[in-house]
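Have the sequence and the 3D view open side by side, and we'll go through it piece by piece.

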Amino acid sequence: MQNLITEFEWVQQRLSEESELGHSSATKMIGLLKIAWNRPDVSFWEIGKVVFPKLR
Amino acid sequence: MVSNCITCAGFGICDHPNRLGEFQSSRYSPSIEIIYDEEHLKQVNSRRHSQSSSTNSTTSSSDGHALISPIVLVKRPSGIINSRRWSSESVLPHELSSFLDDVGPRFPLYIQLPQPDDSPFDDNMTYFLGRRLDTFLGLSECFSSAYESVCLLSTTNSVLRNVLFAFITYINSKDRTFQAAQCAIHLHDAIPSLQRALLVQNIDDGNIIAVVLLAYLAFWWRKATSAKSHLNGFLKMLLHAKYLDLDEYGKVSPSAGMPPLVLLFWRAAVRLDQYFAFLRPEDQTMPPIKSSPESSLRYITHFVDRSLAENTQWLLLMDELEDLRNLTVHYNRRAMTVQLSSNYSTLESEKYIRRAEAKLIQKIERSLSNLLLTEADHKNRSAPIIEPVWSSPVEPFPAAYFPFLVEKYEAYSDRLIEASINNRVILIHSTIAGSPIAGPTPEVRFRAAVEICYAILILKRRSPFAVHGRGRFLQALMFAGYTFCSAKCILGIPS
């Protein structure tokens, strides 16, 4: 599988747009994906515990 | 600014005070909480017994099998409601406790008759509540037409009436701050009656429906744990009322006796439950649901215009999709249990998980095919697709993979794209237990992520401003982004 950085950035860009529209959820998701990008070995749910503490 | 972002509440993380779902005033923040914990109930019962015996009062014996534990009214911050001094230590107010002890568990439910003008009929608010729930849940027009039935039921059920009032004071964001105290007062009026009904196991449809509304209210207040406990209580109430059948495998399905209105709220509760499965996978959720199109059909035909047969079919498929989401959550949990179990070798657990995953993915793909068939059938019979009058330039998705998908999604209607996005999210979700590392494997996950991006690209071109339902898209984008992270190219650098 090739490097998927352009696809990843496209997703981040869309989330940024939603964030600018006022969705703070999008901001949190950008944060979650940044962590996932740097640490893809960490499970989604583990990252979620850090990024979405209010849900827990 | 997105003023009507109703699905943001699904994530419980939108902090902007002007957005729906945010409760601005901490001063009047309701602190009513129902504890649906049997252990706690036993403690309460034993405490009540010991208190009764020490005062030599004649108490009726409790069988320890009350459906739901009494409601705990926790200490409140200073505010209007503090004049009602509920104690966080004694679960029931003393007077009520003594009263119940005296009358015994078979005391008929006391129903306070409403004042003539004391009914939540307000066309404006009906519109807000109905539309909001319909949009939020994807139950097109069901709640709008069900609202009158709920109001009618509320005239003979003070719990439902007060909970409905609480809802109405909350539903309009401009009034929310000013009416927060009013909302809390209604809840404080509703809770003791509900408490009484639960203690004597004398619950009716109004009580059952009120609990779902309480769950939503708690959810919009960001009280996820309370909302979750209400849902658990709702499930117990349905089982108690024999509205749900439980089979030998632990699967539930609506019984033939469940009325259409309760069925509608059952579907609403199932949809709310999905939000908790999103980032709290370890939590208890609704049991696996045996899909039952017949029961869905009963509430849909009851509340939706029968002439819209195509709409009926679509709603049936949406229910099936929600049941698939429920199944995915249970599959993920089961897969995690198998992975951690010492009863299986790594190879064995891998084999079982893959086999279950393949079955699940097959079901999800079949669901998407059904959606496509229904849409195709609809197109053949009815009006042409209406082209958007204006579209917004959106940066094209750069994927070199599956380029033919763009054309495919361009031919879809908005609702089919939205349903497809939900379907693809469920598919990615179903692959996470088997392949917990971020990245594009297995390939079905990667393809689903690309499809999500194309679908969102088309939707954004057609409707650049968020009107409703953006929260689900954000979730879908997050799943797609997760798929594009790869352990093989940490920080974007292939290793």
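Is Q195(B) buried or exposed? Q195(B) is buried, because 23 other C-beta atoms sit within 10 Å and the cut-off for buried is 20 or more. Keep in mind as you read on that this is a predicted model.

## The two chains at a glance

Let's start with chain A. Chain A has three helices and zero strands, and reading along its sequence gives the pattern α-α-α. Chain A runs to 56 residues, of which 46% count as buried.

Chain B has 495 residues, and buried residues make up 46% of them. Its secondary structure comes to 17 helices and four strands. Take the contacts in chain B between residues at least 6 apart in sequence: 74% of those join residues at least 24 apart.

Now look at helix α4 (residues 142-154) and helix α11 (residues 293-303), both in chain B. They pack at an angle of about 80 degrees, and their axes are 9 Å apart. Angles of 65 to 115 degrees count as roughly perpendicular, so α4(B) and α11(B) are roughly perpendicular to each other.

Who makes the contact? On the α4(B) side you'll find C142(B), S145(B) and A146(B), and on the α11(B) side Y299(B), I300(B) and F303(B). Sorted by class, the contact of α4(B) with α11(B) has five nonpolar residues, one polar and no charged ones.

## Residues in helices

Back to Q195(B) for a moment: this residue lies in helix α7 of chain B, residues 180-199. Q195(B) and G206(B) are 11 residues apart in sequence, and their C-alpha atoms are 13 Å apart in space.

V329(B) is in helix α12 (residues 309-340) of chain B. V329(B) counts as buried because 24 other C-beta atoms lie within 10 Å. From V329(B) to F276(B) is 53 residues in sequence and 10 Å in space, C-alpha to C-alpha.

A224(B) belongs to helix α9 (residues 224-240) of chain B. With 19 other C-beta atoms within 10 Å, A224(B) is partly exposed, because buried takes 20 or more. A224(B) and I168(B) are 56 residues apart in sequence and 20 Å apart in space, C-alpha to C-alpha.

## A buried strand residue

V252(B) is found in strand β4 of chain B, residues 252-254. V252(B) is buried, with 22 other C-beta atoms within 10 Å. Leaving out residues up to four places away in sequence, V252(B) touches L244(B), D245(B), L246(B), P287(B), I289(B) and K290(B).

How far apart are V252(B) and T441(B) in sequence and in space? They are 189 residues apart in sequence and 33 Å apart in space, C-alpha to C-alpha.

Most residues other than glycine have a negative phi, and most peptide bonds are trans. A couple of spots in chain B are worth a look with that in mind.

T441(B) and P442(B) are joined by a cis peptide bond, with omega about 0 degrees. P442(B) is in the loop between α15 (414-432) and α16 (443-462) of chain B.

Then there's K242(B), a residue other than glycine with a positive phi, near 60 degrees. K242(B) lies in the loop between α9 and β3 (244-246) of chain B. Is K242(B) buried or exposed? K242(B) is exposed, since 10 other C-beta atoms are within 10 Å and exposed means 12 or fewer.

How values were computed. Residues numbered from 1 in each chain as written. Chains lettered and ligands numbered in written order. Predicted model: local features only at pLDDT ≥ 70, side-chain atom pairs only at ≥ 80, totals over all residues. Helix = DSSP H or I, 4+ residues; strand = E, 2+ residues; numbered from the N terminus. Axes fitted to C-alpha atoms, helices over the stretch in contact; angles between N-to-C directions. Parallel < 35°, antiparallel > 145°, perpendicular 65-115°, else oblique. Contact = placed C-beta atoms within 7 Å. Nonpolar A, V, L, I, M, F, W, Y, C, P; charged D, E, K, R; others polar.
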